[in-house]
Amino acid sequence: MRSPARSRPRPAAAGPGRPAGLRKRWLAAGVLAVLVALIAGVSLGPVSLPPGSVAVELLNLLPGVRLDSGLTAGEAAIVTQLRLPRVVLGLLVGGLLALAGGAYQGVFRNPLADPYLLGVAAGAGLAVTAVIALGGAMDPLVGLPLTVPLAAFVGALGAVAMTYLLGAAGGRSRSPATLILAGVAVSAFLSAGQTYLLQRHSESIQQVYAWLLGRLATAGWHDVLLVLPYFLLTAVVVLLHRRELDVLSLGDDEAAGLGLHPQRSRYLLIAAASLGTAAAVSASGLIGFVGIIVPHTVRLLAGSSYRVILPLSMLFGGAFLALTDVVARTAAAPAEIPIGVVTALLGGPFFVLVLRTARRVLT
């Protein structure tokens with residue numbers, strides 16, 4: 001009898017998208033952040049290059065553009081063959097981690113959910129460790145082999161399935177707090193398996209340890225081209241379903257009443273986010289906190305609608321990691337700080353802040 005009246009929440013669901021002008025300005029800010037990170041990442045390093053000349057050299061990569069950048073042939077090679085692939089990889093990995101974090105937060109309705117707290121990164125890490133230890137697959141002179149992201153995806157999906165099943169072991173309800181605790185337990189279990197594997201194959205421990213700390217070292221454009229298809233597939237699936245996350249935030253009953261299949265949407269988004277996480281982990285190692293810092297900051301500044309959070313998280317996440325990599329390369333030059341250490345130093349205090357603001361969710 002009241003079904004027509006219950007369709008009235010649709011305007012409320014559209015409410016988060018009400019400030020369309022603000023969303024356009026934030027979108028422009030996200031694109032600008034990516035461009036700034038791109039120029040800064042290519043310009044700064046052991047050999048500093050003029051940002052203006054770097055920008056002109058990057059424009060020369062466009063078809064039909066031939067401008068004099070003022071760079072020597074060696075400096076131009078540094079731009080296009082050494083630094084640009086690393087910066088682009090940072091943009092892709094950061095965008096994937098932030099996008100996956102935002103998707104997980106929407107699916108589980110918890111601002112603390114991210115690939116690391118849910119055990120997804122640990123599952124991907126265990127799979128990649130197995131590939132390295134058993135097959136010796138990671139050769140920095142060759143680049144990322146095809147088997148690594150596929151193995152990471154299997155490990156990531158297995159981890160998220162374990163977390164989801166463990167979170168429901170005590171009953172049918174999967175509360176946010178239960179899922180986070182299940183994710184911590186699954187991460188500990190998988191990390192123990194990773195440690196055991198390394199003990200049995202000690203000859204690979206230095207290689208795996210360097211990967212675990214996070215790095216964006218590339219063998220030219222090989223890793224970028226390998227990660228790019230996973231990035232595109234994850235971005236398309238998650239962004240096309242971002243409106244459904246707004247509906248899921250109303251609750252499963254309300255979402256079903258509006259014609260949505262909550263479980264099907266949830267599984268699809270989890271699979272897409274896990275695929276993106278697996279690709280990012282396999283290419284760069286374990287780089288934590290990006291999936292919490294960026295989406296939560298976007299939520300605080302630009303609005304709570306996932307139509308805004310997800311695309312902006314992808315842009316700002318890429319810019320954040322590319323700029324963080326600049327800090328990792330230059331802060332202790334000529335030595336290089338693992339990028340995972342830098343994100344942990346930034347993410348630790350931020351996580352405490354998010355934990356305080358999310359206390360009501362966990363209780």
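Predicted model: local features only at pLDDT ≥ 70, side-chain atom pairs only at ≥ 80, totals over all residues.
Figure 1. Gln-81 counts as partly exposed, at 44% relative accessibility. Leaving aside residues up to four places away in sequence, Gln-81 touches Gly-220 and Trp-221. In sequence, Gln-81 and Trp-221 stand 140 residues apart. In space, their C-alpha atoms are 7.7 Å apart.

**Figure 2. A nonpolar surface patch that includes Trp-221.** Trp-221, the residue touched by Gln-81, is also part of a nonpolar surface patch. Leu-225, Leu-228 and Leu-232 make up the patch with Trp-221. The patch covers about 350 Å². Leu-232 lies in helix 10, which runs over residues 222–240. With a relative accessible area of 46%, Leu-232 is partly exposed.

**Figure 3. The salt bridge between Arg-86 and Glu-336.** Side chains of opposite charge can pair when their charged atoms come close. Here the side chains of Glu-336 and Arg-86 meet in a salt bridge, with an N to O distance of 2.4 Å. Arg-86 sits in helix 5 (residues 73–108), and Glu-336 in the loop between helix 15 (306–330) and helix 16 (339–357), so the pair ties together parts that are 250 residues apart in sequence. Arg-86 counts as buried, because its relative accessibility is 12% and the cut-off for buried is under 20%.

**Figure 4. Asp-325 and Arg-329 within helix 15.** These two residues form a salt bridge whose closest N and O atoms are 3.2 Å apart. Both lie in helix 15. They are 4 residues apart, about one turn of the helix. An α-helix has 3.6 residues a turn, so residues three or four places apart point the same way. Asp-325 and Arg-329 are both buried. Which residues do the shared partners join into one network? Arg-86, Asp-325, Arg-329 and Glu-336 are joined by salt bridges that share partners.

**Figure 5. Asp-246 paired with Arg-307.** Another salt bridge joins Asp-246 to Arg-307, and their closest N and O atoms are 3.3 Å apart. The pair links distant parts of the chain. Asp-246 belongs to helix 11 (residues 242–248) and Arg-307 to helix 15. They are 61 residues apart. Both residues are buried. The protein's salt bridges come to 4 in count.

**Figure 6. Val-290 in the largest nonpolar core.** This core holds 95 residues. Which of them touch the most other members? They are Val-93, Tyr-104, Phe-108 and Val-290. Helix 5 gives the most to this core, with 17 residues. Val-290 has contacts beyond its neighbours up to four places away in sequence. Gly-94, Leu-97 and Ala-98 are among the residues Val-290 touches. Its other contacts include Pro-295, Phe-320, Leu-321 and Thr-343.

**Figure 7. Helix 13 and its length.** Helix 13 covers residues 262–284. At 1.5 Å a residue, its 23 residues should span 33 Å. The end C-alpha atoms are 32 Å apart, which agrees. Of its 23 residues, 18 are buried, so helix 13 is largely enclosed by the rest of the structure.

Figure 8. Most residues other than glycine have a negative phi. Where is Phe-289 placed? The loop between helix 13 and helix 14 (290–302) holds Phe-289. Its relative accessible area is 25%, and Phe-289 is partly exposed.

**Figure 9. The protein as a whole.** The secondary structure comes to 17 helices and 0 strands. Of the 363 residues, 50% are buried. Among contacts between residues at least 6 apart in sequence, 75% join residues at least 24 apart. The protein exposes about 16900 Å². Carbon and sulfur atoms supply 68% of that area.

Definitions and conventions:
Residues numbered from 1 in each chain as written. Heavy atoms only, no water. Helix = DSSP H or I, 4+ residues; strand = E, 2+ residues; numbered from the N terminus. Buried < 20%, exposed > 50% of the residue type's maximum accessible area, 1.4 Å probe, protein only. Core = buried A, V, L, I, M, F, W, Y, C linked by side-chain atoms within 4.5 Å. Contact = heavy atoms within 4.5 Å. Expected span 1.5 Å × (residues − 1). Patch = residues over 30% accessible without salt bridge, like charges linked within 9 Å, V, L, I, M, F, W, Y side chains within 5 Å. Areas by Shrake-Rupley, 256 points an atom, 1.4 Å probe, with all protein chains shown as cover.
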